[in-house]
Amino acid sequence: MTVSSVVVVGGGIAGVSTVAELRKNGYAGELTLLTVDPFPYDRPPLSKDYLSGAKDLESIALQAPEWYAEQRIDLVTAASVVALDPDAGTVAISDGRELSADRIVLATGGHSLWPSIERVVREPLDSPAGEGIPRSATGVHTLRSVEDADALRHVLLPGARLLVVGAGLIGAEVASTARKLGSEVVLVDPVDPPIAAAVGAQVAAWLHSLHAVHGVETVTATVEKLESTRAGVVAHIAGQTEPRTFDAVLLAVGMVPDTALAKAAGLEVDNGVVVDDHQVTTHPNVLAVGDCARRRGHRRAEHWEAAVHDGQRAARTILGIDPPAETARWFWTDRYGLHVEVVGKMRSPDADHQTVVRGAVGEPPFSVFTLRGERVIGAVSVDDPNAVRAARRMIDRGVDVRASDLADPGTDLRKLLRGSR
């Protein structure tokens with residue numbers, strides 16, 4: 001069947017990557033991109049440059065406004081999809097319109113996870129000075145959208161007291177940004193150190209220690225109760241005898257995929273919209289990409305590049321061409337002026353794996369590799385992106401390397417890629 005019309009539901013990086021890849025590979029049919037936002041924008045800056053005010057909304061747009069017209073993409077903004085009919089190939093929008101398409105791609109993303117913390121609203125917080133300033137009436141925030149970032153930004157004043165619940169990537173980045181803005185920050189997480197599974201225990205411990213260096217109080221515990229009062233949010237932290245009052249609380253404990261539309265349409269949902277290796281759902285006319293999707297037999301990926309690859313794979317599936325080659329997973333994070341990149345899988349040393357340090361942990365730039373035999377399977381770098389770039393090629397190509405060569409900062413990693421010993 002020739003596909004002559006495609007509707008993509010969701011304007012995040014997965015949705016924009018889908019429409020871009022379709023046009024790049026010669027798709028000439030009707031192409032519609034629906035987003036609830038004023039235009040598609042990038043989300044990683046929400047916890048960093050956008051939150052700090054260093055960038056405005058227009059500067060984090062995923063594409064220039066004219067790009068959509070140039071690519072003959074019908075961009076429909078402020079569009080909330082209320083129903084999907086896979087058999088009919090239609091999506092219903094909240095304004096009463098119904099769009100038809102040969103293929104529908106769900107890129108609905110996700111929502112911030114609300115942990116099981118007892119929450120009590122005694123009375124709304126005092127309104128901030130000034131008209132039109134957004135603020136959570138309860139003082140409890142999440143960070144998933146520009147609106148969320150706007151609400152949080154207006155709280156992060158010099159001297160403001162912020163409690164961050166969750167010390168993963170978003171929590172750590174917001175803690176860093178808040179300190180830059182002069183706020184007092186307490187960061188609570190039950191895991192010590194956080195993100196060890198992603199970056200390895202040694203690097204995770206050092207990264208977590210940076211909070212104290214920059215004036216953030218870290219607490220290894222859980223938050224049991226939050227009470228919103230006119231004076232602030234009262235937090236009951238496990239192990240602390242007295243509750244503490246904050247001007248704002250950020251819940252940064254993860255996200256849940258937005259599967260409501262898919263579930264109502266009868267698609268299989270299991271910790272995400274279930275798709276095959278070509279991003280096709282359990283209905284052949286519907287595909288799913290990005291944070292809302294989970295490939296059968298795999299864990300759901302939530303990183304920016306994974307969403308890009310999903311969109312590219314879905315577009316190529318629609319066009320009936322080969323998908324892009326699989327590559328080792330990669331992501332990045334920034335905190336306290338340091339740039340961290342991770343590729344592949346980091347493992348603790350054991351009988352089958354060894355850890356190789358290039359440079360010295362805690363003295364950027366440095367990198368840490370995980371080897372299985374003579375094969376690199378993972379790497380993390382701090383202010384050393386070239387090392388991760390080389391490690392990714394080593395993983396993808398299955399290059400044999402010596403641990404001593406990786407550990408030597410004088411070794412040109414590009415020579416190892418060429419098989420030079």
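Two strands are taken to pair if DSSP finds at least two bridges between them. The legends below apply this criterion to a predicted model.

**View 1. Strand E1 and its pairing with strand E7.** Strand E1 and strand E7 (residues 103-106) pair in the parallel sense, with four bridges between them. Within this pairing, Val-8 has Val-105 of E7 as its bridge partner.

**View 2. Strand E1, helix H1 and strand E2.** Strand E1 is also joined to strand E2 (residues 30-34), by five bridges, and these two strands run parallel. The bridge partner of Val-7 in E2 is Thr-32. Together with helix H1 (residues 13-24), E1 and E2 make up a β-α-β unit that is right-handed.

**View 3. The side chains and burial of strand E1.** Ser-5, Val-7 and Val-9 point one way from E1, while Val-6 and Val-8 point the other way. Residues on both sides are buried. Because five of the five residues of E1 (residues 5-9) are buried, the strand is largely enclosed by the rest of the structure.

**View 4. The aromatic pair of Trp-206 and Phe-366.** Four aromatic pairs are found in a search of the whole structure. One of them, formed by Trp-206 and Phe-366, is edge-to-face, with 5.3 Å from centre to centre and 75° between the planes. Trp-206 belongs to helix H7 (residues 201-213) and Phe-366 to strand E25 (residues 363-372), so the pair ties together parts that lie 160 residues apart in sequence. Trp-206 and Phe-366 are both buried.

**View 5. An aromatic cluster of tryptophans.** One aromatic cluster is formed by Trp-304, Trp-330 and Trp-332.

View 6. Leu-113 is located in the loop between strand E8 (110-112) and strand E9 (118-121). The relative accessible area of Leu-113 is 31%, so this residue is partly exposed; residues of such a patch must have over 30% relative accessible area.

View 7. Pro-158 lies in the loop between helix H4 (146-153) and strand E11 (161-165). Pro-158 is exposed because its relative accessible area is 68%, and the cut-off for exposed is over 50%. In sequence, Pro-158 and Ser-183 are 25 residues apart, whereas in space their separation is 4.9 Å, C-alpha to C-alpha.

Methods: Residues are numbered from 1 along each chain as its sequence is written. This is a predicted model: local features need pLDDT of at least 70, side-chain atom pairs count only at pLDDT 80 or more; totals for chains, interfaces and linings use all residues. Side-chain values use heavy atoms; hydrogens and water are left out. Buried means under 20% relative accessible area, exposed over 50%, partly exposed in between (1.4 Å probe, protein chains only). A crossover is right-handed if, with the strands pointing away from the viewer, the path from the first strand over the helix to the second runs clockwise. Rings of Phe, Tyr and Trp (its six-membered ring) pair if their centres lie within 6.5 Å; planes under 30 degrees apart count as stacked, over 60 as edge-to-face and the rest as tilted.
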